[in-house]
Amino acid sequence: MARRIPLKISGARDVAYRRCPVTQGIPFAEGEFRRGAPFRLIDEKGTPIAAQAAPLATWSPDLEYVRWLLVDFQLDQEPGEERTVFFEYGFEDGELGGASDARPGENGHGAAKPVAHGHEVRIERLRAQGPNGEDTLRVDTGVLRVDFTVNARQPVRSDIIERISVLGEDGWVDVVRPGGTPLLFVRDQYGREFTSVTHPSMRQLEIEEAGPLRAGICVKGTHVNEFGDTLCPYVLRFHFYAGKAEVRIVHTFIFDRYPHDTSLQAIGLRIPLDLGQELRAAVGGSGGAGSASGSGGVAGPGGAGDAN
């Protein structure tokens, strides 16, 4: 008989959620859930839900039994509604069937089929696609494409992201203004600006998650000014979700100077968007929320044009 773990989901009372990405950690006792064992996620009516899972920790060095499992799925939920979905595992032979079987694979991920509304996150490397011969790493959610700069064959400076495109009624539309890309910036007490525009060799890009429902890209680097001086490392983590034009960005800033010698006027993420007439963008965080439509930058808590 399969075992079942209920996962209770609640949201804001005045927000309706549609295909909302959910990431949930599940702990297991030692010897309870074997790495690579089949599982499935079902709703209150027993309908299978597309799910992705990755082990975060195991009980012993042999990695056989999972201690913490990270599960991703998407869910519809009405305002104020509380829902319960069930993680099922421990199936006997023939009990699960084939359609909704999922297993954490060699890369740590497993996904029940079908994936989210016909879409899944795809990652591919494109050779010499940038304007200066840069290789790019493309993350495609089905409705959003983001091209990360990987390396360059010429000694030129470039930014973390080469291109952002969304799927419109007439096909793919670039949403970054020509000549501008999203970039990190830091401004010191003298007004000098240090940015993420460097040669790609000064950055480290790592694919941390490569599942069909959620993918994670980590970029590490240091802010640099036009003279090559550096100021403070950074870590950026991007989370992409199948069938969604939304991106979750976790920005970690590392202050590596003496506070008595260096102070900062500003730090943030500048996004030069060109959204046309129909598209809209929004940003949010602990300091507030902002949005933009048409041509212009996103107005965040730090003021127009800067999403801080």
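**Note on an all-strand predicted model**

1. With a relative accessibility of 41%, D174 counts as partly exposed. On the scale used here, buried means under 20% relative accessible area, exposed means over 50%, and partly exposed lies in between (1.4 Å probe, protein chains only). R163 is also partly exposed, its relative accessible area being 38%. R163 and D174 form a salt bridge, in which the closest N and O atoms are 3.7 Å apart. This pair links distant parts of the chain, with R163 in strand 12 and D174 in strand 13 (residues 171–174), 11 residues apart. The term salt bridge requires a side-chain nitrogen of Lys or Arg within 4 Å of a carboxyl oxygen of Asp or Glu.

2. The model is a predicted one, in which local features need pLDDT of at least 70 and side-chain atom pairs count only at pLDDT 80 or more, while totals for chains, interfaces and linings use all residues. Residues are numbered from 1 along each chain as its sequence is written, and side-chain values use heavy atoms, with hydrogens and water left out.

3. On confidence: pLDDT is the predictor's confidence in each residue, on a scale from 0 to 100. Its mean over the chain is 83, and 76% of the residues reach 70 or more. Residues 301–308 have pLDDT below 50, and this stretch has 28 contacts in the model beyond near neighbours in sequence. A contact is defined by heavy atoms within 4.5 Å.

4. On overall content: the chain has zero helices and 23 strands. Both kinds of element are DSSP runs numbered from the N terminus, helices being H or I of at least four residues and strands E of at least two. Of the 308 residues, 43% are buried. The chain exposes about 16200 Å², with carbon and sulfur atoms supplying 48% of that area; the areas come from the Shrake-Rupley method with a 1.4 Å probe, and for residues only the protein chains shown count as cover. Among contacts between residues at least 6 apart in sequence, 58% join residues at least 24 apart.

5. On the main core: the largest nonpolar core holds 27 residues, of which F148, I160, I217, V219, F238 and F240 touch the most other members. Two or more residues each come from strand 10 (135–140), strand 11 (144–151), strand 12 (161–168), strand 17 (214–224) and strand 18 (230–241). Strand 18 gives the largest share, four residues. A second, separate core has 21 residues, including L7, A37, I49 and A53. A nonpolar core is a set of buried Ala, Val, Leu, Ile, Met, Phe, Trp, Tyr and Cys residues joined through side-chain atoms within 4.5 Å.

6. On F148: neighbours within four places in sequence aside, its contacts include L137, V139, I160, I161, L205, I217, V219, F238 and F240. D135 and T136 are also among the residues that F148 contacts.

7. On the open sheet: four strands are paired antiparallel in the order 1-7-3-4. Strand 1 (3–10) and strand 4 (48–49) are the edge strands, each with a single partner, so one side of each has no neighbour in the sheet. Pairing here needs at least two bridges found by DSSP between the two strands. Strand 3 (residues 39–42) and strand 7 (residues 82–89) run antiparallel and are joined by four bridges. R40 has E88 in strand 7 as its bridge partner, and R4, R40 and E88 are linked in a network of salt bridges.

8. On strands 16 and 17: strand 16 (residues 204–210) runs antiparallel to strand 17, and six bridges join the two. A hairpin of three residues connects them, and A210 stands opposite A215 in strand 17.

9. R237 lies in strand 18 and E208 in strand 16, so the pair ties together parts 29 residues apart in sequence. R237 is partly exposed at 28% relative accessibility, and E208 is partly exposed with a relative accessible area of 34%.

10. On A54: this residue is in strand 5 (residues 51–58) and is buried, with a relative accessible area of 9%. The C-alpha atoms of A54 and R35 are separated by 9.3 Å, the two residues being 19 apart along the chain.
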